[in-house]
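Work through the following exercises with the sequence and the model at hand. Each task is followed by a solution in steps.

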Amino acid sequence: MKTLFVRGPSLLSRLVLALACSFLLMFIDHRLQAMQPVRLFLNSLVTPVQYLAILPEQILDNFSDSIKTQEQLAEENEQLRQQLLKQQGQLQQFRLLANENKRLRELLGSEQRVPNRRMVAEVIAVASEPFSQQLVINKGTLSGVYEGQAVLDNRGIIGQVQDVGSNTARVLLISDQSHAIPLRSERNDIRVLAQGTGEIGRLQLMFVPHSSELKEGDLLLSSGLGGVYPEGYPVAKIRKINRDESLPFAQVQADPVSALDRVRNVLLLWQNDDERQPIYEDQPDG
Amino acid sequence: MVKQGAFTLILSYLVALVLMVMPMPGSFDIFRPDWVTLVLLYWVLALPHRVNIGTALVLGVLSDILLGSVLGVHALGMIVVTYFAARHFQRIRNFSLPQQAILIAFLILLKRMLVFQANVFIHDAEFTANYFWPALTSALFWLWLFPLLRKIRRRFGVN
């Protein structure tokens, strides 16, 4: 039976209590970084929500797959075959160059480059607020994913792993406001630092002097200097340079080469000389 | 003991959370209504003694986890707007639907300003005007969501 005067604590005291709770959570999570176990638990708690959210998209995909005609499939197959042939041709050349490069590096006595191991993962959720641009992928510690790992798509680097669950991992995108990545211009090796702007598909280069030789349209590769990202992967293209002398530095905007808002499959990278290695389920797909 | 209609309530929160993280094309994404806050505010206005600040805290923390922000950030915004709605629920209930929608726009704006401010404290977030569009779209969706949820509430006898 519902009585009139059983109302619990007053609204104001609830407000004060709840506000105290939320400030405490922020403090523990951000300052002390002590919420990882709780985060892991909550992340697995909300995993069903994330799978539900991509369900309509998957159903649509399956539907559009199933109504493809045989003709379309044959055509697509032919296209893929040609692409494979072309790339295999390039790969032969690449092996030759890699061997040559190795020999030359041996001659010079400089450190050898080691190839990477890869694993494909699927994006299962996006969270695109301007203050936190992240993806959730369907591989976690059980597949050997670790914090700080580099994540790519078919065109270039998209971000790094921020935290890992057993079956999921959260990827911080390069366009996040709190993310910066060291880059190098492909054309003239100028080193720059690109910070996310919180707008998907927009980066900003920091501390570029007005006299810099960068040009609009320059491709920027990862420089490998931060120790997080491997060297030489495409990251962004310069879109606009504003050399306003009244500002301390030139304002340079760059667009990521991969379409961060349309990523479906990503590639996780492991360095071969690292003790952390991928754990493949059945057959290696890297 | 499970109170009557608890299932309906939880289901509505779940749908709102799913809509919050559902992938959308980038150009629509900035206009995505603030589903969780909308649903929460409806239930606060309809059942202020059952759904109030405690629910806001839980939904806020779940939003934080789903959106990957620091825990407590969204909770903070939701708690404050819930306090306002629960404090003045009798007045707001007497508003016409368009008047309510305008108020909802301001409440969502307030929530987003709080979230933004918390992010500024945490990692010097920069102002992006796009973050505040949902205040408008949420108000528009309120015109549709309010009658819908009222129908659901009466149909399933949630009280």
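**Exercise 1.** Determine how much of residues 6-23 of chain B is helix and how far apart the end C-alpha atoms are.

*Solution.* Step 1: the span is 89% helix and 0% strand, where helices (H or I, at least four residues) and strands (E, at least two) are DSSP runs, numbered from the N terminus. Step 2: its end C-alpha atoms are 28 Å apart. Step 3: UniProt (unreviewed entry) lists residues 6-23, 97-119 and 131-149 of chain B as "transmembrane region"; UniProt positions are given in the numbering used here, feature names are shortened, and annotations may be inferred rather than shown by experiment. Step 4: residues 97-119 of chain B are 100% helix and 0% strand, with end C-alpha atoms 33 Å apart.

The model is predicted: local features need pLDDT of at least 70, side-chain atom pairs count only at pLDDT 80 or more, and totals for chains, interfaces and linings use all residues. Residues are numbered from 1 along each chain as its sequence is written, while chains are lettered from A and ligands numbered from 1 in the order in which they are written.

**Exercise 2.** Describe the side of chain A that touches chain B.

*Solution.* Step 1: 39 residues of chain A are in contact with 40 residues of chain B, contact meaning that C-beta atoms, placed from the backbone, lie within 7 Å. Step 2: α1 (11-31), α2 (36-66), β1 (116-129) and β2 (132-137) of chain A each supply at least two residues of this side. Step 3: α1(A) gives the largest share, twelve residues. Step 4: by class, the side holds 21 nonpolar, ten polar and eight charged residues; Ala, Val, Leu, Ile, Met, Phe, Trp, Tyr, Cys and Pro count as nonpolar, Asp, Glu, Lys and Arg as charged, and the others, Gly among them, as polar.

**Exercise 3.** Is A:Val161 buried or exposed?

*Solution.* Step 1: A:Val161 is found in strand β4 (residues 157-164) of chain A. Step 2: A:Val161 counts as buried because it has 21 C-beta neighbours inside 10 Å; the cut-offs are 20 or more other C-beta atoms within 10 Å for buried, 12 or fewer for exposed, and partly exposed in between. Step 3: beyond four places in sequence, A:Val161 touches residues including A:Val145, A:Ala169 and A:Val171.

Conventions: Contact = placed C-beta atoms within 7 Å.
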